[in-house]
Amino acid sequence: MKNKEGISTYAVSNTDFENSILIEGIVEPIRFTTLTCPGNVDGIVTFLIDNGTYVDEGDVVCVIEDNDQQSNYDNLKITLENAIAELNKVNADLKMQYALLEAQVKNNEADTNIAQLDSLQLEFATPTQRRIKELELERATIEKVKFEQKLNALDIINQSEIKKLEINIQQLTNRLQSAEKILEALTVRAPKKGLAIVADSRMTGDKLKVGDNVWNNMPVVIIPEMSEMKVKMAVNETDFKQINENDSVVYSFDAMPGNSAHGRITKKLPVGQPYKRDSKVKFFEVEASIDSVMELPEPGFTANSRVITTYIGDTIVVPRIAIYEVDSMKVVYVRNNKKYDMRQIVTGPSSMKESIITAGLKRGEVISLIKPPASFVRGKQLLSDSIR
């Protein structure tokens, strides 16, 4: 207010002091599910859901085309079919060989039986005839042993060959199943209901779109948990130095007039990023919680964040424009009747507009907001050395 002399004044009183920094932030989810391009894939997006679409569990959110994966699947399928055909051929050949050998064994048994019947009549044969029959029986016995050995050898050899073919088929089957899973995964589906947010392209930095290239485990769609949110801020170096973890934050939201929220600084990343390429100006990432809110904002909303770096309640606060430097002292001009006394003060924490006065002023006193003319200054009051 102005007095009769036209000097603007300020009545000293106890109030709350607050130093705050205004920063624009973006609302982000604390937890989210990231849907990615399958591993070992290098493909093209052929379908992509609109950004910000609400989806149900199982809805298709992205389709990727990878010709190499399709060719790999087709080739594996043909190779597996050929391997199964080869196994069937080997089994058929084995059955034929077994049948031939078993027929030879039966013929040998028949010859042996005949020879044994003939041996009953050897009593009346000549020694030569008897010897011939004995040799025929010995030969039949030897042939029998040979056939049995062939059967055993054939069984061992063929079991080994069949085992190799079966192992190869199992390996091909596993590879085909893996290839099939990759092809199925090229159709990306929502694992749960929620808000689908299209991820940023690693090539352009913009939102992904149909026709963009995606590859190994690259995010394509993000579904946030909507129950908890945080605010991420890009802060210049000057403000970053003033902000501390656990500082209080008050939010408002352009998209939600009347809505407000409170939180605290939870994280400060110490490494800054250039504002743009080759720029010396750096911004630092700061995160803050949303602890209480009238209505929870959605991801992507702009949050006008007031970071309270200093708060002191019920103290003497005066405008900084009322404080002057005189002979290396900080002084104010205190109204005394129609004149002013220059009084030395001690200041505490300050903001751009206000300062706390820790000594030199009392509640109820009136100070000038401008330096009064010399004719209006009556005296000087200094603090004792113990207070300065």
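This is a predicted model: local features need pLDDT of at least 70, side-chain atom pairs count only at pLDDT 80 or more; totals for chains, interfaces and linings use all residues.
View 1. The chain has 388 residues, and 35% of them count as buried. Among the contacts in the chain with a separation of 6 or more, 74% are accounted for by residues 24 or more positions apart.

**View 2. The largest pocket, with a volume of about 460 Å³**. The lining is made up of 19 residues, and those that lie nearest the centre of the pocket are Ile26, Val27, Glu28, Asp200 and Lys207. Strand β2 (14-29) contributes at least two residues to this lining, as do β8 (194-198), β10 (219-224) and β11 (229-236); the largest share, six residues, is that of β2. By residue class, the lining of the largest pocket divides into twelve nonpolar, five charged and two polar residues.

**View 3. Val235 and the residues that it touches**. Val235 is part of strand β11, a strand that also supplies at least two residues of the lining of the largest pocket. Val235 counts as buried because its relative accessibility is 1%, below the cut-off of 20%. When residues up to four places away in sequence are not counted, Val235 touches Ile23, Phe240, Ile243, Lys282, Phe283, Phe284 and Val286. One of these residues, Val286, lies 51 residues from Val235 along the chain, yet the C-alpha atoms of Val235 and Val286 are separated by 6.9 Å.

**View 4. Asp327 in the loop between β18 (324-326) and β19 (329-336)**. Although Asp327 is not a glycine, its phi is positive, at about 50°. Asp327 counts as exposed because its relative accessibility is 63%, over the cut-off of 50%.

**View 5. Asn337 in the loop between β19 and β20 (339-344)**. Phi of Asn337 is near 60°, a positive value in a residue that is not glycine. With a relative accessibility of 62%, Asn337 counts as exposed, since that class begins over 50%.

Notes
Residues are numbered from 1 along each chain as its sequence is written. Side-chain values use heavy atoms; hydrogens and water are left out. On a 1 Å grid over the protein atoms alone, a cavity is a set of points where a 1.4 Å probe fits but cannot get out, and a pocket is an open set with protein on both sides within 12 Å along at least five of seven lines; lining residues have an atom within 4 Å of a point. Grid points are joined across faces, edges and corners, and a volume is the space filled by probe spheres set on the points. Helices (H or I, at least four residues) and strands (E, at least two) are DSSP runs, numbered from the N terminus. Ala, Val, Leu, Ile, Met, Phe, Trp, Tyr, Cys and Pro count as nonpolar, Asp, Glu, Lys and Arg as charged, and the others, Gly among them, as polar. Buried means under 20% relative accessible area, exposed over 50%, partly exposed in between (1.4 Å probe, protein chains only). Contact means heavy atoms within 4.5 Å.
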